[in-house]
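Please look over the sequence and the model below before reading on. The briefing that follows takes up aromatic pairs, charges over rings, the pocket and cavities, and some individual contacts.

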Amino acid sequence: MESLDSFRQLFEYDYWANQEVLRSVGALNSPAERVLKIAGHIVGAQRVWLGRLETPGTATPAPWPLMSLEEANAAVTEMHQRWKTYLDQLPPERLEEDLVHRNSKGAEFRVPVRDVLTQLVMHSAYHRGQIAAAIREAGGQPAATDYIVYARRQRMK
C-alpha cells in the first residue's frame, strides 16, 4: 500500500512529467488544438478530483478546459502547489476512507482516497502518452516522461 510519502513522490513525478510534456509541446512550430485540449484535460481532471476531495458535494469544475500553452503551464504549477498543500495536510488514515462523490451523470460512487490519488497519476500518464503520439505525428520530439527517467534524474541531484 502506498503511504503519504509515496503519494507525495508520485505527485512530484507527475508535476515534472507534465512540465516536460508542455516543454515538448512548446517546441512545436504551432501546437495542434488537440494537444492543448488533452493538456487542458490533465489539469481539468485534477481540478475535478481535488474539488471533490476538498469540498465534497460542490460544483465540479470543467474537466476539459480549453487552455493556451501559457495557461496550461501556469495551471500545472498551480495544481502542483495545491496538491502539495492537500497531501501535506492529509492525515494518513484518510487514505483508507471513502470519498463519496457523484460523477458528471449524477451517479454516486464510493472510492478510497488512496484510489483517487492513484487514478490521478495514472490518468495523467495515459494522456501524456496521447500527447507524445500527437507530437510525433506533428514531426516533433516528445519528452521522455517515464517514471524511471524521473527517478534517475532525482538520484543524480
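Seven aromatic pairs are counted in this predicted model, where rings of Phe, Tyr and Trp (its six-membered ring) pair if their centres lie within 6.5 Å, and planes under 30 degrees apart count as stacked, over 60 as edge-to-face and the rest as tilted. The pair of Phe11 and Trp83 is tilted, because the ring centres are 5.0 Å apart and the planes stand at 40 degrees. Local features need pLDDT of at least 70 and side-chain atom pairs count only at pLDDT 80 or more, while totals for chains, interfaces and linings use all residues. Residues are numbered from 1 along each chain as its sequence is written, and side-chain values use heavy atoms, with hydrogens and water left out.

**Aromatic pairs**

- Tyr13 and Tyr147 form an edge-to-face pair, with 5.1 Å from centre to centre and 70 degrees between the planes.
- Because Tyr13 lies in helix 1 and Tyr147 in helix 5 (residues 147–156), this pair ties together parts that are 134 residues apart in sequence.
- Tyr13 is buried, with a relative accessible area of 7%, whereas Tyr147 counts as partly exposed at 30% relative accessibility.
- Ring pairs link Tyr13 and Tyr147 with Trp16 and Tyr150 into a cluster.

**Helix 5 against helix 1**

- Val149, Tyr150 and Ala151 are buried in helix 5, and the buried residues of helix 5 pack against helix 1, with contact meaning heavy atoms within 4.5 Å.

**Charges over rings**

- The charged end of Arg52 sits over the ring of Trp49, 4.4 Å from its centre; a charge sits over a ring if NZ of Lys or CZ of Arg is within 6 Å of the ring centre and within 35 degrees of the ring normal.
- Lys37 lies over the face of Trp64, at 5.5 Å from the ring centre.

**The largest pocket**

- The largest pocket holds about 250 Å³ of space; on a 1 Å grid over the protein atoms alone, a cavity is a set of points where a 1.4 Å probe fits but cannot get out, and a pocket is an open set with protein on both sides within 12 Å along at least five of seven lines, while lining residues have an atom within 4 Å of a point.
- Grid points are joined across faces, edges and corners, and a volume is the space filled by probe spheres set on the points.
- The largest pocket is lined by 13 residues, of which His41, Ala45, Val48, Trp49 and Pro63 lie nearest its centre.
- Helix 2 (33–54) and helix 4 are the elements that give two or more residues to this lining, and helix 2 gives the most, with five residues.
- The lining of the largest pocket has seven nonpolar, five polar and one charged residues, where Ala, Val, Leu, Ile, Met, Phe, Trp, Tyr, Cys and Pro count as nonpolar, Asp, Glu, Lys and Arg as charged, and the others, Gly among them, as polar.

**Enclosed cavities**

- There are two cavities of 30 Å³ or more, and the largest cavity has a volume of about 80 Å³.
- Residues lining the largest cavity include Phe11, Asp14, Met79, His80 and Trp83, and the elements that give two or more residues to its lining are helix 1, helix 2 and helix 3.
- The second largest cavity has a volume of about 50 Å³, and among the residues that line it are Asn18, Val43, Val76 and Ile131.
- The lining of the second largest cavity divides into eight nonpolar, one polar and no charged residues.

- His123 lies in helix 4 and is buried, with a relative accessible area of 15%; His123 touches His41 and Ala45, not counting residues up to four places away in sequence.
- Gln130 is found in helix 4 (residues 113–137) and is partly exposed, with a relative accessible area of 23%.
- Gln130 touches Arg34 and Ile38, not counting residues up to four places away in sequence.

Key. Helices (H or I, at least four residues) and strands (E, at least two) are DSSP runs, numbered from the N terminus. Buried means under 20% relative accessible area, exposed over 50%, partly exposed in between (1.4 Å probe, protein chains only).
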